Amino acid sequence: MTPIIGNFGPVTKVANEGDTITYNCEATGYPKPTIAWQKVGSSGLLATGNQLVLGSIKRTASGSYACIASNGIGSPATRTATLTVQCK
């Protein structure tokens, strides 16, 4: 069964520089999907697992972050969250 992302969020978040932000992503499917996190427009992975934690963020952290759930069946499922970081 191809992955389906259910619980995800927050979809949009506004935070201050220095804050810690946590995004959550849960997916179902068979076999059980693995979850990876990537900043949209970047080639590297930021984390794997259900949570993405960004600590002591700077304004350069502003952008979109993708939760990618894959299990080798069909295409991966993707949901995107947007983060806006403001000056303190």
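Five strands line up as an open sheet in the order β2-β8-β7-β4-β5, and the pairing is mixed. Strands here are DSSP runs of E with at least two residues, numbered from the N terminus, and two of them pair if DSSP finds at least two bridges between them. This is a predicted model, where local features need pLDDT of at least 70, side-chain atom pairs count only at pLDDT 80 or more, and totals for chains, interfaces and linings use all residues. Residues are numbered from 1 along each chain as its sequence is written, and side-chain values use heavy atoms, leaving out hydrogens and water.

- β2 (12-16) and β5 are the edge strands, each pairing on one side only.
- β2 runs parallel to β8, joined to it by five bridges, and Ala15 stands opposite Val85 in β8.
- β4 and β5 form a hairpin with five residues between them, and Gly41 in the turn has a positive phi of about 95 degrees.

**Nonpolar core**
- A nonpolar core is a set of buried Ala, Val, Leu, Ile, Met, Phe, Trp, Tyr and Cys residues joined through side-chain atoms within 4.5 Å; buried means under 20% relative accessible area (1.4 Å probe, protein chains only).
- The largest such core has 20 residues, and Ile5, Tyr23, Trp37, Ile57 and Leu83 have the most contacts inside it.
- Elements giving two or more residues to this core include β1 (4-9), β3 (21-28) and β8 (77-86).
- Tyr23 touches residues including Pro10, Trp37, Tyr65 and Leu83, not counting residues up to four places away in sequence; contact means heavy atoms within 4.5 Å.

How values were computed. Buried < 20%, exposed > 50% of the residue type's maximum accessible area, 1.4 Å probe, protein only. Helix = DSSP H or I, 4+ residues; strand = E, 2+ residues; numbered from the N terminus.
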